[in-house]
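Trainee: Please walk me through the terms used for this structure. I want each label set against its cut-off.

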Amino acid sequence: MSEFTPTVTGTGARARVQRFGGFLAGMIMPNIGAFIAWGLITALFIQTGWTPVPQLGGFGEMSDGTPWPGLVGPIIKYLLPILIAYTGGRMVHGQRGAVIGAVAVMGVIVATDVPQFLGAMIVGPLAAWVLKQFDKLVDGRIKSGFEMLVNNFSLGIIGGAMGVLAFFGLAPVTTAITNVFGGAVGFLVDRGLLPLASIIIEPAKVLFLNNAINQGILTPLGGTQVQEAGKSILFMLESNPGPGLGILLAYLFFGPRAIRPSAPAAIIVHFFGGIHEIYFPYVLMKPILLVAAVLGGATGIATFALFNVGLVGPASPGSIIAYTLVAARGDLLPIYLGILLSAAVSFVVSTLLMGFGRKENREARAEDASAQEQALADAQAATAANKATSKGTAAPTA
């Protein structure tokens, strides 16, 4: 399990899915700084950015007529997938796994123009696992003095082979998957049905698949839109902190009394830190709250679409601070409105589903009544003991 997600116990299907989501998060979260750097460079230097610079933003032409490559395109196409594959390989087989993951992912990167985050999350750990099996096979069988030779050549040969396999085998699959999701998003956008994406996104988030959805699918699609339109709503479909904020506020005011004290800290970490994983256990405690998350997410998306707003880069992590930094020029206030409305809807629906805390209040009153009865019995026993002492007789015993 990743250090960035809660430790999962158990052997059931949900636990396995959560472990898988934690593994994906472990590939993405250590590289969030690189995503932020890309988002800031995009926000500042693209043609529709705050301070457009052709050499950095990758628009316009050089003196010889060739386009400026810039920083935006190479970072999202090469650097970020390599970092993801490197990290995934390291998680599986240490430094050797990291290196072979970075080598193998080049096969899937150069095979397509689509940013291959999904391919990186597959081929990086896979290549590292293959190398790990080879290392186990030859462990203790290499003659002294040949260890470095075998280690280097085995990594090079297996890494090259995995890169070729990724080029011909994995790239067409991941490209097809991306195209399918892109087509689905396009279908929803063209028909004004994009809020329906929350029906899939919000339940998947609670199963810790948020990073697979966001970085694996939505971010590459959003990156393509940014290069064409200068901003993208797709960056906000999963990362909106509003639905989680509404659920945590509902727990703060109407949740079980034993849980309420933990809500303020969770709100700060979630809304300002952007760590959405912190509210997932609150939903898992009451799965019916998925309805609130879906409706809150759909409200936010509908608001974003109504005002035609977007981000110029991924809000990583999905905090209000990150949203402020990567909001497209002129879109900040409508974006704030969408987050606020999504939180309000999520809060109202959560409180309705919790019965405005009536069950918890009844349980608290029952506990108070029991405590009062016990206190009365203790007082009566103490009074009887005092009377017996004053008369010189022993107090009755139970």
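**Labels and cut-offs**

Mentor: Start with tyrosine 78: its relative accessible area is 33%, so it is partly exposed. The model is predicted, with local features needing pLDDT of at least 70 and side-chain atom pairs pLDDT 80 or more, while totals for chains, interfaces and linings use all residues. Residues are numbered from 1 along each chain as its sequence is written, and side-chain values use heavy atoms, without hydrogens and water.

Trainee: Why is tyrosine 78 called partly exposed?

Mentor: Buried means under 20% relative accessible area and exposed over 50%, with partly exposed in between (1.4 Å probe, protein chains only). Tyrosine 78 has 33%, so it is partly exposed. By that buried cut-off, 46% of the 398 residues are buried.

Trainee: Which helix holds tyrosine 78?

Mentor: Helix α4. Helices are DSSP runs of H or I, at least four residues, and strands are runs of E, at least two, numbered from the N terminus. The protein has 14 helices and zero strands.

Trainee: Where does α4 bend?

Mentor: At histidine 93, by about 145 degrees. The bend is the angle between axes fitted to the seven residues ending there and the seven starting there.

Trainee: What share of the contacts is between residues 24 or more positions apart?

Mentor: 71% of the contacts with a separation of 6 or more. Contact means heavy atoms within 4.5 Å.
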